[in-house]
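Subject: Structure handover

Hello,

The structure we spoke about is below. My notes on what was found in it follow.

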Amino acid sequence: MDWKPRVLLMSIGELRSNEIETDLKAVETSLGTIDIDLTIMSPLYDEKKVIEAARRLKAEEVDLLVLVALHGACAPLLVLAAEHSELRTVIWALPARYSLPTAASAIGTLKEEGLESTLVFGSGNDQQIPTMVKRLARVAFTVNRLKRVRIGKIGGVFNLMTASYYDKNRLRQRLGPDVVRIPISDFKESLSKVTAEEVDHAVEKILQPIEVDKAILGKAMRQHLALKQIVSARGLDGVTLECHSELIKEFAINPCLGFIENEYVIGCEGDAVSCAAILMLQYLTGLCVTAVDPLTIDGNDVMTMVHCAGPAEVGEHATIEMGTSPSHVGKPVPLAMCRPKFPSDLEVTLVRLYGINLDKLHVARGRIIASDAKGQLHIEIKLHGGRTAFINHMSGNHYIVVPGDIREDLGLLAESLKIQILES
C-alpha cells in the first residue's frame with residue numbers, strides 16, 4: 001500500500017553562519033530517510049511571510065508541519081506558523097543557539113491553545129527524531145484520511161451481531177467516515193451491466209490458485225466487478241454487505257472473492273464500524289489487515305480465530321477456495337472465497353473498535369503459531385496476555401489482525417482521537 005503522509009519542513013530563523021547551515025542540512029537529510037512525502041521550504045524569519053506560507057498549507061493537504069527553531073528569538077514565529085496552518089505540528093529544537101528555550105516557549109503556548117503539537121530535541125543527526133516524526137505523520141495522515149472516507153452500505157448489520165450495531169451520524173462525527181446507503185436495486189442494475197466477456201477476462205487475470213467450480217467463480221466475479229463499478233462511481237473507500245440475510249438468499253453470492261485485490265475494503269456482515277477500523281489501521285500502518293472471529297481459547301492461551309475469507313495481500317500466499325454459506329442462513333449455498341495463509345511465527349496485534357460513542361479500543365498482542373485456508377480461514381494465535389485477560393475485555397465478534405506490535409503508534413492515534421485503549 002503506497003500511502004505516504006505529506007510532511008512540510010519549515011525552518012524558522014536566519015542562515016547567518018555555516019554552523020546553522022550545517023545543522024539545517026543534517027535535519028533535511030535525516031527526514032529524507034523516512035517513508036514520507038517530504039517538502040522542504042527555505043528558511044523564514046519574517047512574520048508576514050511565515051503567516052502567508054502557513055495559510056497556503058490548508059489547500060495543499062499537508063498532514064504534518066515540522067518547524068525547526070534554528071536559533072533563539074523564534075517563539076512568536078513558531079506559534080504563528082502552527083496557528084495559521086491549523087496542522088498537527090512538531091517543533092524540532094536543536095542543542096545550540098538558544099533553540100530549546102525558544103521552542104519550549106512556543107510549545108507552551110500551543111498546548112495552552114489546545115493545538116496538537118509535539119516538542120522534539122536533538123541534533124540533526126539524532127536517529128530517534130525521524131522515527132517520531134514518521135509516527136506522528138502517520139497519525140495525522142490517518143486522522144485526515146478518515147475525514148474523507150466513504151463507506152457504501154448494502155443491507156444492514158447482520159442481526160445476530162448485536163455488538164456491531166452503530167449510529168452512522170455518531171461514526172461520522174467521532175471519526176469522520178460517512179456511510180452511504182446503496183439501494184439493492186442499484187446493486188442489481190450494476191450486476192446486470194457486467195458482461196460475460198468482462199467476467200471471463202477478469203477470471204483469467206486471477207493470480208491465486210483456483211479450486212472453485214467455474215460457474216460459481218464466474219458468479220462471484222460478476223459481483224466483484226459490479227462492486228468495483230459502484231465503488232468507482234460513488235467514490236467509496238469500502239463496502240459493507242449483509243451477505244447472510246441479503247446477498248446469499250437473494251443472489252446466492254457473497255463478497256468474499258473481492259479480497260483478491262485491494263480495490264476496496266470489505267466490511268463483513270454489514271459491520272461498518274469494523275470497515276472503518278480496518279481503513280484506520282491500514283492508514284496508520286501502511287499494511288494490509290483483516291477481520292476475523294475469535295472461536296475458542298484453550299488452556300494454553302492459544303486462541304483459534306476463523307472467518308470466511310480475507311485479503312490475499314495479508315498472507316504469504318492465498319487460494320480461491322470453495323466455501324458454503326453458514327447453517328443459520330438456510331440451505332447451504334456453494335460460494336467462492338479468497339483465503340490467505342498467514343506466515344507462522346508472526347507477531348500480531350489484535351484490535352477492536354467499539355463502544356456506543358466509538359471511543360474504546362480493545363488491544364491484545366499475540367503470535368500466530370498456525371494458519372490454514374482449507375474449509376475456512378483458520379488462524380491460531382498464542383495470546384501474550386493470556387486467556388482470562390482477553391475474555392474479560394471481549395467486546396464483539398470481529399477483531400482485526402495487524403502484523404507487528406503497533407501499540408505505540410496506536411497509542412498516539414488514540415490520544416489524538418480521544419479513544420480509550422483497554423489492553424489485555
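Two residues are in contact when they have heavy atoms within 4.5 Å. Among contacts in the protein between residues at least 6 apart in sequence, 76% join residues at least 24 apart.

This is a predicted model, in which local features need pLDDT of at least 70 and side-chain atom pairs count only at pLDDT 80 or more, while totals for chains, interfaces and linings use all residues. Residues are numbered from 1 along each chain as its sequence is written, and side-chain values use heavy atoms, with hydrogens and water left out.

Overall form: the C-alpha trace spans about 80 × 50 × 40 Å along its principal axes. Of the 424 residues, 54% count as buried (under 20% relative accessible area, 1.4 Å probe, protein chains only). The accessible surface (Shrake-Rupley method, 1.4 Å probe) comes to about 18,200 Å², and carbon and sulfur atoms account for 48% of that.

The secondary structure has 13 helices and 19 strands, taken as DSSP runs numbered from the N terminus (helices H or I, at least four residues; strands E, at least two).

Regards

Definitions and conventions
Buried means under 20% relative accessible area, exposed over 50%, partly exposed in between (1.4 Å probe, protein chains only).
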